[in-house]
Amino acid sequence: MSRQTRWGIVGPGRIAENVVRDFVHVPGAEVTAVGSRSLDRAQDFAARHGIGTAHGSYAELVADPDVDVLYLATPHPQHHAVALDAVAAGKHLLVEKSFTATVAGAQEVVDAARAAGVFVMEAMWTRFQPAVVRLRELIADGAVGEVRSVQADLGVAREYDPEDRLFAQELGGGALLDLGVYVVSFAQMLLGDPDTVTATGSTFPTGVDAEAAVLLGYADGRSAALLTSLRNPLPGQARVFGTQGWVDVLPRFHHPATIVLHRADGEPETITLPPEGTGYSHEIAEVHDGVLAGRTESAVMPLADTLAVMRVLEEAAGQLGVTSAEAPRGS
């Protein structure tokens, strides 16, 4: 049996530039093709990264018989259409976060993937960082007792530019889909799906959310207090509070190297576990191993969690008067 997975990059943008460099850390995973709506961009990306094939459309890349797995790095509203086409073509998928622009779009992709039996995962690299893996192990071992609350923040100060993707409604702009997905996914990982979502915040003139404070409530009294912003910088810190202590996840929590365990009856314990490469290698390895093993989902980032996170994001955005839509197929 082959131990190789052949990857295609859909959308050679900023995030793909970073991710593609980490393939060197995953033996057997090789990027063989890249696709863009602009053949020039695809060819430029391919030349710079030593990729053999460049396609001038997403459809050509999806149809490429020499590609097993697609890494989908287009703006959020385009994920839905490309993912459905890829699943129909029998391709496995690593879909950049946010998974889609809407809950309905995410559900459609998940349903199609499950019916087709292909491996599909959201590219939530945070869950695969060695320091976060250790955090989950400590919590499972009862190091801080029962987890009762989570705090997390992630924000940057971006100058308002209606032409920029981050501020464009049709491109899935706004703080929640771009940065809020990290804080919500982190809380959901530790606390499960919330019973209530309460959001407050503000919007930019283009109608996308500028900032949001989100309170997740649970029927048994647990909670998560989450903050995200494109209006002002935030430390990027997370804290996990338990009945017998707490854990600090040092900035920036979405790809941390260090956590600090505070047991109620002991001295703080600093644990440093840096990622391999830039930090994307771990999610690539998860997909690579899953595809070779014949799995269709990741146990660490299952599709049910992706859907739960999308539901929170959509509910929070709705409370701020923000709506998103998927790009039409074939666009």
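## S229 in strand β10

S229 lies in strand β10, which covers residues 223-229. The model is a predicted one. S229 has a relative accessibility of 2%. The cut-off for burial is under 20%, so S229 counts as buried.

Beyond residues up to four places away in sequence, S229 touches L154, G155, V156, A175, L179, A210, E211 and L234. V249 sits 20 residues from S229 along the chain. The C-alpha atoms of S229 and V249 are 19 Å apart.

## Overall fold and dimensions

The protein chain holds nine helices and 14 strands. Its radius of gyration is 19 Å. The globule rule gives 20 Å for 331 residues, close to that value, so the chain is as compact as a globular protein of that length. Along the principal axes, the C-alpha atoms fill a box of roughly 60 × 50 × 35 Å.

Take the contacts in the protein chain with a separation of 6 or more: 68% of them are between residues 24 or more positions apart.

## Surface and charge

Of the 331 residues in the protein chain, 55% are buried. The accessible surface of the chain is about 13,100 Å². Carbon and sulfur atoms account for 50% of that surface.

The protein chain carries 24 positive and 42 negative side chains. The centres of these two sets are 2 Å apart.

## The largest nonpolar core

In soluble globular proteins, nonpolar side chains tend to be buried together. In this model, the largest nonpolar core has 109 residues. Which members touch the most other members of the core? They are W7 and F186. Helix α7, residues 175-191, supplies the largest share of this core, with 13 residues.

W7 belongs to strand β1, residues 5-10. Its relative accessibility is 0%, so W7 counts as buried. H92 is 85 residues from W7 in sequence. In space, the C-alpha atoms of W7 and H92 are 9.2 Å apart.

## T126 in a loop

T126 occupies the loop between β6 (120-122) and α6 (130-140).

Leaving out residues up to four places away in sequence, T126 touches V132, Y182, F186, F253 and H254.

## V110 in helix α5

V110 is placed in helix α5, residues 103-116. Its relative accessible area is 1%, so V110 is buried. Neighbours within four places in sequence aside, V110 is in contact with F99, L303 and L307.

A83 and V110 are 27 residues apart in sequence. Their C-alpha atoms are 9.6 Å apart in space.

## I51 in a loop

I51 is in the loop between α2 (39-49) and β3 (53-55). With a relative accessible area of 8%, I51 is buried.

What does I51 contact, leaving aside neighbours within four places in sequence? The partners are V20, V31, T32, A33, V34, F45 and A46. G201 is 150 residues from I51 along the chain. The C-alpha atoms of I51 and G201 are separated by 43 Å.

## Cis peptide bonds

The peptide bond from K97 to S98 is cis. Its omega is near -5°. S98 lies in the loop between β5 (92-95) and α5. Helix α5 is also the place of V110.

P251 and R252 are likewise joined by a cis peptide bond. Here omega is about -10°. R252 sits in the loop between β12 (245-249) and β13 (258-263).

Technical notes: Residues are numbered from 1 along each chain as its sequence is written. This is a predicted model: local features need pLDDT of at least 70, side-chain atom pairs count only at pLDDT 80 or more; totals for chains, interfaces and linings use all residues. Side-chain values use heavy atoms; hydrogens and water are left out. A nonpolar core is a set of buried Ala, Val, Leu, Ile, Met, Phe, Trp, Tyr and Cys residues joined through side-chain atoms within 4.5 Å. Buried means under 20% relative accessible area, exposed over 50%, partly exposed in between (1.4 Å probe, protein chains only). Helices (H or I, at least four residues) and strands (E, at least two) are DSSP runs, numbered from the N terminus. The radius of gyration is taken over C-alpha atoms; the globule rule is 2.2 Å times the number of residues to the power 0.38. Contact means heavy atoms within 4.5 Å. Accessible areas come from the Shrake-Rupley method with a 1.4 Å probe; for residues, only the protein chains shown count as cover. Lys and Arg count as positive and Asp and Glu as negative; His and the chain ends are not counted. The place of a charge is taken as NZ of Lys, CZ of Arg, CG of Asp or CD of Glu.
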